[in-house]
Structures are given as structure tokens and as C-alpha cells.
Amino acid sequence: MSGLFDDQALADLDPTPDEGPPPEPEDAHGADPEGIPDDLFAGTFAEPRAAEEDAYYRNGARKPLTDPAALLDGLNEQQRAAVTHSGGPLLIVAGAGSGKTRVLTHRIAHLLSARGAHPGQILAITFTNKAAGEMRERVAELVGPRAQAMWVMTFHSACVRILRRESRQLGFTSSFSIYDAADSKRLMALVCRDLELDPKRFPPKSFSAKVSNLKNELIDPEDFAGQATDGFEKTLSEAYTMYQARLREANALDFDDIIMTTVHLLQAFPDVAEHYRRRFRHLLVDEYQDTNIAQYTLIRELVGEPGGAVEPAELCVVGDADQSIYAFRGATIRNILQFEQDFPQAATLLLEQNYRSTQTILSAANAVIARNEDRRPKHLWTNSGGGARITGYVADTEHDEAQFVADEIDRLTDAGDARPGEVAIFYRTNAQSRIFEEVFIRVGLPYKVVGGVRFYERREVRDVLAYLRVLANPEDTVPLRRILNVPKRGIGDRAEAMIEALALRERISFAQALRRVDEAYGMAARSANAVRRFNVLLEELRTVVESGAGPATVLEAVLERTGYLAELQSSTDPQDETRVENLQELAAVALEFEQERANAEDESPGTLADFLERVALVADSDEIPDEEDEGGVITLMTLHTAKGLEFPVVFLTGMEDGVFPHMRSLGKTKELEEERRLAYVGITRARQRLYVTRSVLRSAWGQPQHNPPSRFLEEVPEEFMDWRRTGPTVRAPEPKAPVVARRGGAPAGGFATGRKPDRPVVSLAPGDRVTHDTFGMGRVVAVQGEGDRAEASIDFGGEKPKRLLLRYAPVEKL
DNA sequence: TAGAGTGAATTTTTT
DNA sequence: ATTCACTCTA
């Protein structure tokens, strides 16, 4: 990414920079908006710009528009209204493919030109870092590089910026660590162990999720302690309190804390809130349907109330309730549905013309989403013509499904109908990507998997980052314990337990206890020596950091002095070769970061904490492939990742009940509706061609499973479908029976397939006792649905009852 | 303490 | 199927 758009450039325009000597207390949150240096990129829209800008254009960048009116060229009436609306809160209900990104960027450009806003007054919140980068770049294309002074970022990045700047108010240092989901889970596991909770009854994983939900609803440990009623909640409350205390002790915030704490900060310190209200006069939020309570409250705090010391900022939110797919992590569709009530003067504009897909694809999507209850109907339309019908394919196995996809892509590329870079393959869960990879490698198709096992989640990367984290924040327990014996240095479980006991006894942190090994009882001399050596190692590394070395240098020192790299290099395990490569890549990332900072002509080379923040919040090492030379590569990703993207050719794979919709949503209407919205998102990503495929047989848990067709398939009207194959023509297990294409006539998904014809659906009632082939004896708790759709919740003595689709579950009544 | 060997659980989706 | 956690032995 161009250095002109990097974080440092943003920081340069901030009233109070992140780094440098701490300001005097009265300056704690910097100058007022008047303090935004208005000599920087000063001037009106068409005026000549500063020398920095000349350099920018010499690098080949497009010249900005010279006339604000030109921003409206090529926009339809609704879009223009959305771009130019002024005066009050604005909700833009943007249907799929309605050009919402364009409208947002043009609106920002409009604010900066026709409305005379200063870029420093704009805060635009996007869902992903990638979207932020693109938006910044596109606005710069329209109005020039002064766009770099805007805050365009995710909720989390914005909050971290605010928190770092205001950390003194909250009594923690600005170099706090950021805990990702894995760290949180680990910490919660430690807490549960210390509370001696039975992991069967109180699984740390579910506690972790519940705490996350509480934070998303802004319920802090004290609030929750007050409202916990039953024994379970009391225990949860205890764990939450301790978890939060441990985070504090480690000077760390988890993902949910980042938002919650920012909200608390703004609520507790009115002058801080006022500062940001004065500063951000324009607040824009994309993907508003995916905001949760904490984010919603944050927006309200930043906008301010009418009649307050500062006029409320101008708020513009964009979203589509039909594309809300993150309820599982706390998003509330309520926020977008109630916008007009929340912000009484609000105007609502609808973008209903679709510029992306053919009418066929659009109609199919509309038919599917129409099945959801309680939604405001939309009238998406397009004038781009009917287009081809949707191709359906029923494979015998998931391998055949992948093979069909590969063959079809081959056919399309040979015929010149599409290039690999124009094709995307979507699936419900990451695990489904593997089979496609195998087949694509074999047939030699270029592809890229987006998401999945991410770079920063690999073991070796996390190990090395753990060292950096400990160096940046010595009190940070979770990474400290991770590296204590990595690479192996003779500090085992027992030694660790002794240190922990010392920490508990002396009421000090684990990190401090480690430094006071000599006081630990019962530690073998050998172990104690190992710990001392470890302390010395950390001390050495710390001197490297204190000598002012940048992240890349520190990283190199870690790799060398810990022996981590040496251990991998001398290993015979071929996997370790990849690990070394990954670490080299990490080193490259660090170096790039360092240079980026150096170029930003700021004294600070970028601290370790900055680097770690970037790593925690911008885990973007696998990017969505650009349409590069030579036709590009096929993109593989989950449906969630696909949000906001579009492709000429889309394969929607694994269209099976139990896969998509996912097993765990089957009994629950709400979750099923979310799955349906996910299907809607998937369908509407396609511009010209859409394929839907499923497999009759799919192995999961190493066991073959029969899956019925996804209910979403049946929701697509038959007239839009072109079934290339509807299932095995012969039930006999001959390998590769010749395929006879049956067109048109068969019902969606081909009912002729995949069912054990002879097994009647067991009829059950609550209270019945049953046996299950794998789960054993159980008792029926509840039954839903009838006939083929019947599902039962059955208690097999596990933590919670299992939900089984009776048509397929191997259950027998006793 | 480390490594081998066994058994259980894993599969939503992500900032 | 694969991975992770736990137990047992050297």
C-alpha cells in the first residue's frame, strides 16, 4: 500500500500523536478541532496543492476531479440524494450490488469538496481493514491525497487509537497488549483452572463466548455480579471478574474490551467525549446491520446528543438488513431497523437498483430471502438483462463435486467465457476448502484460499510473536507462559506450577514471580537454573529493545538468541521447513513495517507495540487476490468472507442441509434465517454466472454422511434453474456410472437421491427413551417439525441435548 | 522433564 | 482424519 495512506500519515495530522514524549496532563487529549493544522493540505477543491501532493501526482496518481459537481456524474437519482444529503442523520438502505461503496466514497468526497469539510473531521468506520484501505484510496482518487488525513478504519482500530491516546485517564499504559480470540480462550482456561471448575460442567470455551457476549452488551463484571441469579451465572460471574482482573494485571485488552472500554471512557469522562465530538463532525458507518450494542453505543457517544455542548455530528450509516450475517457474534439487526427511532431527525434513502447481477440471479436471491419472516420487502431491480439460468449439479461425493467445479472452470476458460481470476468458490466452513485444493492442485488450476488457517495463527508465528509481546509488555502473562519452555529449556509443568504458587502466595504477577525464582519453594535446582537462564535471556533481549531497535531487529534477535530458528533448521521434519519460511515471511513483514515508519519522516521507527497492534488488528497477510496479469487465480473462501465482494462467476458449493444451513442452526428459526441471509449474500455476489452444487455423500469426522439437499435450493424457483445433473442415475454402487443429464423435469435438488429408501422416520415424543449408534442411550427432550423435517432434542447425558434430524439420525426407540 | 502412546473432541462463521 | 490433551515410562 502506498506510504501516503499509511497510519503514520494519519498520525501526523492528529492533534496528539501516538508517540513522542507524553503531553502535559492538560493536553491529555490534545487541541480542539481548531487545532487541526489547517495549513496542511489547505485550500479548496480546485486549488493547487502543497509540494507533497505534487510528488504524489508525479508518481502517476490520477488527478482529482476539479469540479465538485462531477462527483455526481453517472449516479442515479437515489445515489445522488445519498451523496448530497445534509443536515441530519441519514440511513442508506443499500441492497446488494446497489453501488453502496461508490455512494459512500462519493459522499465523503462531496463532504470534502462541496461541503468544505476538513479531512480530519471525518471518521468512517468500515467492517474490514481491506475495505478501509480501498475506501481511502478511492476517495484520494476523487479529491487527492489530503484524504489521508481521514480516519477510515474498523471499529477496533479507531478505538485502539482513542484508547492509546487516553490511556492515562483509565490508569493503564498506552502500550497495552491486545488479546485475540485464542489468547482470551487461553486466559479463560487459566482462570477456570484456578477456580477449580469442572471443565465438563463449566467449559472454558463456553465461558469465553459468554463473557464476549456480555462485553458486547456492555455488561461489566460488576453489573453482571449484581444480576447473576442461578448457580451457573454466579460461577460465570466469578470467572468473568477474575478474567477481567487478569487482563488488567497483564495490561491487556481483549477484542471486546477494546470497544467496551472506549464506551466506558467516553461515558466516564465528558471532556474526553466532547473532545472527540468536536473533532469528528462527520461519522460514517458501513455495514451498519452488523453492529452490536457496544458499537451502537459508541456511535451514539461519538455523535453526541442534540442540545449538548457540541452540535451532534452528522451521522450516515449504510447497510442492508438482509445481509446481516454476524448475529452469532452479537450483531443486532435492531440497530438498522430502529435507526429512525434512535435518531429522530433521520432521513432514510433506499438504493434499489442493482448494478451487479443478471435478473435471473437477482430473482433467485429475492425468492430465497423472501422466505424470512419479519423483513421489510425490498424491490431490487436491474436493467442488465435476464442472463443465463443458474446451473445446478448434484455430485455423488464431495470429491466429484470438486471435480465438476474444476472441469467447469476449465470449460469456461477454454471457451474464453471467464478467466480464473473472475471465478470464486464459496463454502460454508473453512474445512471444505481442502478438497478443492486437492483437486485444483491435481488438475493444475491456479487458486488462492482466503482466510482459513491464517498466517498469524500458525504455531511458529504465534511463538515468536509471543516473545515480542513479552518484550513489549513484561506483565503479559499469556504469551509469557507460552514461551516459558519454547523452545524446550527444561522448565516443565512442575516448575511452572511452583512459580504460579509463588505468585499466588506473594500476591504478585506471574511475571514478577518468575523474576523471583529464588523464593520459590520446592523447585528442583535444575529447574530453577533453567528459569534463571530464561530470565537472563529475556534481559538480553530487552536491552536490544531498549537500544531503540525496531521490530525487525528485535525479531531477528529473538530468532537467533532463543535458538528457536536453529531448532527448526536442524529438524528433519519437513513441516519445519515451512515453518522457517513462515518466520522469514514474518521477518519481512516486520522489516516492511519498519521501513514504512522510517519513510513517514517521523523520528520513531515504529515501536514494538505499534507493530504488535498492526499484527493483532490487521491480520491481512492473505489478501483477496487482485485481478492480476495472466488471468489471475481462482478465489476460494467462506461465505462470510465473501461479503462485500463480487465475481463474474460464482460457485456455491456444499448446498446440503447440515452443511449449509449448518447443522447447528437446523432447529432454530432465528439462526436458520441468518443462514438464509448468508445464502442471499452468496447468491448476490455473482455477476453473470452462478452455480449451485451439492454432494450426496460427504465425509465428516472421517465417516461418510448422507446429506439431504439444502432447503435453500428448493427455495429457488425452478424456472431459474438448469440442473446439469440431479443425482446418481443408478443406485447401484458401480464406480463412475455413466451420467445421463436430466434437464428441467426433476424437482430441485433431485429427490431421487441420497436417502435410505427403506428406513421410516421414527416418531418420537418428549420423554421417550432412545438409543443412538454413536451417542448411546438418551431421553427425548423435545420434538419439532413433522415427517422428513422432524427433529428431536435428545439428552445423551452431555452438557446440552443434541439436536438430531430424525430422517438421518441412527436413533431407535426403546 | 521429555517423548511416546492413547483417547477425546473437533466443525461455524471473524474484528 | 487430524489434532490436541493427558498419561505413562525412561
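Colleague: Where does Ala-94 lie?

Modeller: This is a predicted model, to begin with. Ala-94 lies in strand 1, which covers residues 90-94.

Colleague: Buried or exposed?

Modeller: Ala-94 is buried because its relative accessible area is 3%, and the cut-off for buried is under 20%.

Colleague: What is Ala-94 in contact with, leaving aside neighbours within four places in sequence?

Modeller: Ala-94 is in contact with Lys-100, Val-318, Gly-319, Asp-320, Gln-323 and Leu-351.

Colleague: Which residues does the UniProt "binding site" annotation cover?

Modeller: According to the unreviewed UniProt entry, the "binding site" covers Ala-94, Gly-95, Ala-96, Gly-97, Ser-98, Gly-99, Lys-100 and Thr-101.

Colleague: And where is Gly-99?

Modeller: Gly-99 is in the loop between strand 1 and helix 4 (100-112). With a relative accessible area of 23%, Gly-99 is partly exposed.

Colleague: What about the nonpolar core, the largest one: how many residues?

Modeller: The largest nonpolar core has 64 residues, and Tyr-288 and Leu-315 have the most contacts inside it. Domain 1 (62-176 + 255-353) and domain 2 (177-250) both contribute residues to this core, so it lies between them.

Colleague: What does Tyr-288 touch?

Modeller: Not counting residues up to four places away in sequence, Tyr-288 touches Tyr-296, Ile-299, Val-317, Val-318, Gly-319, Asn-335, Ile-336, Phe-339 and Phe-343. There is also a second, separate core of 53 residues, which includes Ile-491, Met-498, Val-558 and Leu-608.

Colleague: Now Arg-246. Where is the place of Arg-246, and is Arg-246 buried or exposed?

Modeller: Arg-246 is in helix 10 (residues 231-249). Arg-246 counts as buried because its relative accessible area is 18%, and buried means under 20%. Leaving out residues up to four places away in sequence, Arg-246 touches Leu-187, Leu-190, Val-191 and Asp-194.

Colleague: Different topic. Which residues does the cis peptide bond with omega of about -5° join?

Modeller: That cis bond joins Val-486 and Pro-487. Pro-487 sits in the loop between helix 20 (477-483) and helix 21 (493-506). The peptide bond from Phe-660 to Pro-661 is cis too, with omega near 5°. Pro-661 is in the loop between strand 13 (647-652) and helix 28 (669-683).

Colleague: What is the phi of Asp-374?

Modeller: Asp-374 has a positive phi of about 55°, although it is not a glycine. Asp-374 lies in the loop between helix 16 (359-369) and strand 9 (390-397). At 76% relative accessibility, Asp-374 counts as exposed.

Colleague: And Arg-507, where is that?

Modeller: Arg-507 is in the loop between helix 21 and helix 22 (510-515). Arg-507 also has a positive phi of about 55° without being a glycine. Its relative accessibility is 77%, so Arg-507 counts as exposed.

Colleague: Last one. How many bridges join strand 9 to strand 16?

Modeller: The two strands are joined by 4 bridges and run parallel. Tyr-393 stands opposite Arg-725 in strand 16.

Colleague: Why is strand 16 described as largely enclosed?

Modeller: In strand 16 (residues 721-725), 4 of the 5 residues are buried, so the strand is largely enclosed by the rest of the structure.

How values were computed:
Residues numbered from 1 in each chain as written. Chains lettered and ligands numbered in written order. Predicted model: local features only at pLDDT ≥ 70, side-chain atom pairs only at ≥ 80, totals over all residues. Heavy atoms only, no water. Buried < 20%, exposed > 50% of the residue type's maximum accessible area, 1.4 Å probe, protein only. Contact = heavy atoms within 4.5 Å. Core = buried A, V, L, I, M, F, W, Y, C linked by side-chain atoms within 4.5 Å. Domains from an automatic or database assignment. UniProt positions renumbered as here; feature names shortened; annotations may be inferred. Pairing = 2+ DSSP bridges.
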